Amino acid sequence: MDLNRFQQLLLEKKQEIAQAMRRTLPVKLGRLAKDHYQDNFRQGGFVDVTLSPWKRTHRQQHAKGTQAMYSPLMSRRQNLYGSIYYHPADYSVTVGTSVPYAEIHNEGGDIKVTARMKRFFWAKYREANGGAWTRKKDGQDPSEEAQFWKGLALKPVGSVIHIPQRKFIGESQKLKDELNNKVEEELGNILSSDTSTR
């Protein structure tokens, strides 16, 4: 196809291209981005050029039963995983997460212990300790998981807990390449639909 024919084709397809850029592509690109970010959870790390695995959690190392099978940032309820959304608009799409604690996991950082957190830590200690406040009902010492929660519960209000970065959303070269490929594919489909009917 020569340059003149290509320019003519672009003019003929101008409305279809504009419609794709305004409505179709924001939806498709948003879905692609959401799937990519949720796949980071399944892989247990952030995919940029390659996979950067997340630091293993204390739960992964010491929990038993169903709790041990979940990778970092995953749980039975999948709150963080399920919170990733995309909102298409004219010529744009917004991708994000709706939970308030997403940023601390994505960026890492320090949080201050509150009285409410201490009550939660004590409840988790008791749960991990078989419902007992001291030794387990069978006379055994508390498990490593129970001791972990007790250590957190004993921290004074106002002390700091460090949350390591486990990035799951952000700029990614792999995602950028996938988005570019989708745009090229969509525009290619529009342009080729004319030539196939002539």
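The following questions and answers go through a predicted model of one chain.

Visitor: How many helices and strands are in the chain?
Guide: Local features here need pLDDT of at least 70 and side-chain atom pairs count only at pLDDT 80 or more, while totals for chains, interfaces and linings use all residues. Residues are numbered from 1 along each chain as its sequence is written, and side-chain values use heavy atoms, with hydrogens and water left out. Helices (H or I, at least four residues) and strands (E, at least two) are DSSP runs, numbered from the N terminus. The chain has eight helices and six strands.

Visitor: What share of the residues counts as buried?
Guide: Buried means under 20% relative accessible area, exposed means over 50%, and partly exposed lies in between, with a 1.4 Å probe and protein chains only. Of the 198 residues of the chain, the buried share is 31%.

Visitor: Where do R42 and D39 lie?
Guide: The side chains of R42 and D39 meet in a salt bridge of 3.3 Å, N to O. R42 is partly exposed at 48% relative accessibility, and D39 is partly exposed at 28%. The two are three residues apart, about one turn, and both lie in helix α2.

Visitor: How is the aromatic pair of F148 and W149 arranged? What is its type?
Guide: Rings of Phe, Tyr and Trp (its six-membered ring) pair if their centres lie within 6.5 Å; planes under 30 degrees apart count as stacked, over 60 as edge-to-face and the rest as tilted. The whole structure holds eight aromatic pairs. In the pair of F148 and W149, the centres are 5.3 Å apart and the planes make 70°, so by the cut-offs the type is edge-to-face.

Visitor: Which residue lies over the face of F46?
Guide: A charge sits over a ring if NZ of Lys or CZ of Arg is within 6 Å of the ring centre and within 35 degrees of the ring normal. At 4.7 Å from the ring centre of F46, the residue over the face is K167.

Visitor: What is the phi of Y91?
Guide: Most residues other than glycine have a negative phi. Y91 lies in the loop between β3 (84-89) and β4 (92-97), and Y91 counts as exposed at 53% relative accessibility. Its phi is positive, in a residue other than glycine, and is near 65°.

Visitor: Which backbone nitrogen does the side chain of S172 reach?
Guide: S172 lies in the loop between β6 (160-163) and α8 (173-195), and S172 counts as buried at 7% relative accessibility. A polar contact is a pair of N or O atoms within 3.5 Å; within protein, one must be able to donate a hydrogen and the other to accept it, and residues adjacent in sequence count only if both atoms are side-chain atoms. At 3.4 Å, the side chain of S172 reaches the backbone nitrogen of K174.

Conventions
A salt bridge is a side-chain nitrogen of Lys or Arg within 4 Å of a carboxyl oxygen of Asp or Glu.
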